[in-house]
Amino acid sequence: ATLALIKSDFQAVREPRPRRFRKELFEGFSWLRHQRFLLDASISVSLGNLVVRANTLLIIVLATEQGISSGLVGVMLATAGVGGVLGSTVAARVEGRVGPRMVVIGSALIWAVLFPLFTGNTNPWIFGFAWGGASFVGAIWNVVVGSYQLSIVPDELRGRVAGIGGLMPYGAMALGALLSGLLISTFGTDGATWTLRAAIIAVAVATVADPYIRSGPTRRRPCR
């Protein structure tokens, strides 16, 4: 109802033209390729998503082996939703204080600290705290980096860049489920646990050491 009261047209006038999926996809990636902070931040969170999603299947397998009920496992995993909601409520304040650069670096470090607490750990309280905390940080990352992206992407490329930006992390999550199955079948649950722990540390180190992320924006640019 509120949106119906807005009379202004916020989009630029565009000439109709044939749509070519491959060309538009390339245009979006080409723009993102020259925005190294956004590109490297997207790669970082994609790798993090891959590792975290791989842990989801691992925790289900471990819980089944230990006789934990499916209902309790569901509650444990649901803490991610609680953390995500809480993180989104404070994201604007965090953005105003530290900006995108520190959010990306801080998120990678916090995930590396929390990850051992919910990787291979079936204690409901410890897992819930760490899993919810990781989602809390992830929600802040999404809001802060997403709003920065919207503030600098040209209007005509927003959909294409958003498509590329969404394909990378969500595609990595799908691969994470596959990776988890391969690790468990190859190394067992203990081997998979230590492999994933080492992987998330490697992601954090690479993120902190990345020169384009270290020199990234300290504040979101005002929208045009």
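**Helix packing and aromatic contacts**

From the N terminus on, the elements of the protein run α-α-α-α-α-α. The model described here is predicted, and the protein has 6 helices and 0 strands. Buried residues account for 42% of the 224 residues in the protein. Among contacts between residues at least 6 apart in sequence, 86% join residues at least 24 apart.

The axes of helix 3 (residues 70-118) and helix 5 (residues 158-209) come within 9 Å and cross at roughly 160°. Since angles over 145 degrees count as roughly antiparallel, helix 3 and helix 5 are therefore roughly antiparallel to each other. The crossing of helix 3 and helix 5 is left-handed. On the helix 3 side, the residues that meet helix 5 are Val 104, Ile 105, Ala 108, Leu 109, Trp 111, Ala 112, Phe 115 and Pro 116. Their counterparts in helix 5 are Leu 196, Arg 197, Ile 200, Ala 204, Thr 207 and Val 208.

Next come the aromatic side chains. A search of the whole structure finds 5 aromatic pairs. One of them joins Phe 37 and Tyr 148 in an edge-to-face arrangement, 5.9 Å centre to centre and with 85° between the planes. This pair links distant parts of the chain, with Phe 37 in helix 2 (residues 36-65) and Tyr 148 in helix 4 (residues 124-152), 111 residues apart. Phe 37 has a relative accessibility of 8% and Tyr 148 has a relative accessible area of 5%; because buried means under 20% relative accessible area, Phe 37 counts as buried, and Tyr 148 is buried too.

The rings of Phe 118 and Phe 127 have their centres 6.2 Å apart and their planes at 80°. Planes over 60 degrees apart count as edge-to-face, so the pair of Phe 118 and Phe 127 is edge-to-face. Phe 118 is buried, at a relative accessible area of 1%, and Phe 127 is buried as well, at 0%. Phe 118 and Phe 127 also belong to one aromatic cluster together with Phe 115 and Trp 131.

Charged groups over aromatic rings complete the picture. The charged end of Arg 36 sits over the ring of Tyr 212, 4.2 Å from its centre. Likewise, the ring of Trp 194 has the charged end of Arg 197 over it, 4.8 Å from the ring centre.

Methods. Residues numbered from 1 in each chain as written. Predicted model: local features only at pLDDT ≥ 70, side-chain atom pairs only at ≥ 80, totals over all residues. Heavy atoms only, no water. Phe/Tyr/Trp six-rings, centres within 6.5 Å; stacked < 30°, edge-to-face > 60°. Helix = DSSP H or I, 4+ residues; strand = E, 2+ residues; numbered from the N terminus. Buried < 20%, exposed > 50% of the residue type's maximum accessible area, 1.4 Å probe, protein only. Lys NZ or Arg CZ within 6 Å of the ring centre and 35° of its normal. Axes fitted to C-alpha atoms, helices over the stretch in contact; angles between N-to-C directions. Parallel < 35°, antiparallel > 145°, perpendicular 65-115°, else oblique. Left-handed = near helix turned anticlockwise from the far one by under 90°. Contact = heavy atoms within 4.5 Å.
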